Amino acid sequence: MSENRRQILEMLAAGKITADEAERLIAALEREPAPSAAATETVPAKPRPKYVRVLVEALNHHSPNGNPTKVNIRVPMQLLRAGVRLGALIPPQARERANQALREKGVNFDLNQIKPENLEALVEQLNDLSIDVDEDHAKVRIFCE
Amino acid sequence: MPPLLMQIHVAGRKGKSLRLWVPLFLLWVLLLPFAVVLLPALFIVCAVADIDPFLAVSTMMSLIASLSGTHIEVDTPDAFLFFHIL
């Protein structure tokens with residue numbers, strides 16, 4: 001008996017879940033494919049992104065020949081990591097004031113939550129990040145590479 | 001490892017252009033004596049602000065070391081700016 005199935009039965013025995021819920025959970029477990037060694041070997045690990053790239057192209061109506069303004073920025077991920085570590089050096093009083101200022105602006109974000117271990121998880125997720133803003137006068141593209 | 005070179009290119013549409021290769025490794029060498037002199041002051045500031053001075057130094061070092069690869073390019077109808085750290 002698998003560990004997950006045992007936990008479900010224990011929860012059922014303890015009365016934490018109903019028989020219907022237990023049945024649904026067990027069915028979900030059975031649907032879930034077991035990871036095979038062959039599958040893990042054949043799927044290559046996605047390369048971790050090294051840079052965040054920001055591309056901006058804005059139409060300039062004041063330009064005589066109509067050339068757009070282009071901005072191309074590439075920021076190393078390591079710099080982001082170091083920046084967050086720098087954030088950890090902010091004294092607690094200053095951090096609290098910054099949190100308060102953010103809340104006043106409607107941003108409900110706690111700077112204390114930014115920690116190196118959280119950042120690693122964030123960077124992992126950035127792998128698939130791609131933001132495209134396409135408006136009449138400007139195009140913005142943010143992605144990781 | 002800290003960045004060793006910085007490439008700057010500024011160009012105006014009227015033909016004026018400035019290309020610079022800045023040897024950052026020389027800059028680090030020049031700044032090193034100042035860093036040594038300023039280190040006690042940094043420790044005092046860290047003690048007052050209740051910050052781990054070693055963490056502060058290591059963070060600053062990692063910040064400088066991670067600058068390599070930074071690339072900024074701005075192309076406007078009037079001017080062109082290129083900034084790259086190697």
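Contact here means heavy atoms within 4.5 Å. By that criterion, the interface takes 20 residues from chain A and 21 residues from chain B. The model is predicted: local features need pLDDT of at least 70, side-chain atom pairs count only at pLDDT 80 or more, and totals for chains, interfaces and linings use all residues. Residues are numbered from 1 along each chain as its sequence is written, chains are lettered from A and ligands numbered from 1 in the order in which they are written, and side-chain values use heavy atoms, with hydrogens and water left out.

The size of an interface is often given as the accessible area lost when the parts come together. Buried area is used in that sense, as the accessible area (1.4 Å probe) that two parts lose on being put together, summed over both. Chain A and chain B bury about 1700 Å² between them. Carbon and sulfur atoms account for 65% of this area. Between chain A and chain B the count is zero.

Secondary structure was taken from DSSP runs, numbered from the N terminus: helices are H or I with at least four residues, and strands are E with at least two. Chain A holds six helices and four strands. From the N terminus on, its elements run α-α-α-β-β-α-α-α-β-β. Residues are called buried under 20% relative accessible area, exposed over 50%, and partly exposed in between (1.4 Å probe, protein chains only). Chain A has 145 residues, and 18% of them count as buried. Its contacts between residues at least 6 apart in sequence include 49% that join residues at least 24 apart. Accessible areas come from the Shrake-Rupley method with a 1.4 Å probe; for residues, only the protein chains shown count as cover. Chain A exposes about 10700 Å², and carbon and sulfur atoms supply 55% of that surface.

Over all chains, the whole structure contains three salt bridges. One of them joins A:Arg53 to A:Glu145, with the closest N and O atoms 3.2 Å apart. A:Arg53 lies in strand β1 (residues 51-58) and A:Glu145 in the segment after β4 (138-144) of chain A, so the pair ties together parts that are 92 residues apart in sequence. A:Glu145 is partly exposed, at 37% relative accessibility.

A:Arg103 and A:Glu96 form another salt bridge, at 3.3 Å from N to O. Both partners are partly exposed: A:Arg103 has 44% relative accessibility, and A:Glu96 has 39%. Helix α5 of chain A spans residues 92-104. Its 13 residues reach 18 Å from first C-alpha to last, close to the expected 18 Å. That expected span is 1.5 Å times one less than the number of residues. Just after α5, A:Gly106 takes a positive phi of about 90°.

A further salt bridge links A:Asp132 and A:Arg141, with 3.3 Å between the closest N and O atoms. A:Asp132 sits in strand β3 (residues 130-134) of chain A. A:Asp132 is exposed at 52% relative accessibility, whereas A:Arg141 is partly exposed at 37%. Leaving aside neighbours within four places in sequence, A:Asp132 is in contact with A:Val140 and A:Arg141. The C-alpha atoms of A:Asp132 and A:Ile142 are separated by 6.6 Å, although these residues are 10 apart along the chain.

Chain B contains two helices and four strands, in the order β-β-α-α-β-β from the N terminus on. It has 86 residues, of which 26% count as buried. Among its contacts between residues at least 6 apart in sequence, 46% join residues at least 24 apart. The accessible surface of chain B is about 5800 Å², with 79% belonging to carbon and sulfur atoms.

Patches are made of residues with over 30% relative accessible area and no salt bridge; like charges are joined within 9 Å, and nonpolar side chains (Val, Leu, Ile, Met, Phe, Trp, Tyr) within 5 Å. B:Met1, B:Leu4, B:Phe25 and B:Leu26 make a nonpolar surface patch of about 420 Å². B:Leu4 belongs to the segment before β1 (5-12) of chain B. Its relative accessible area is 36%, so B:Leu4 is partly exposed.

B:Asp50 occupies the loop between α1 (24-49) and α2 (53-65) of chain B. Its phi is near 60°, a positive value in a residue other than glycine. With 66% relative accessibility, B:Asp50 counts as exposed.

How values were computed. A salt bridge is a side-chain nitrogen of Lys or Arg within 4 Å of a carboxyl oxygen of Asp or Glu.
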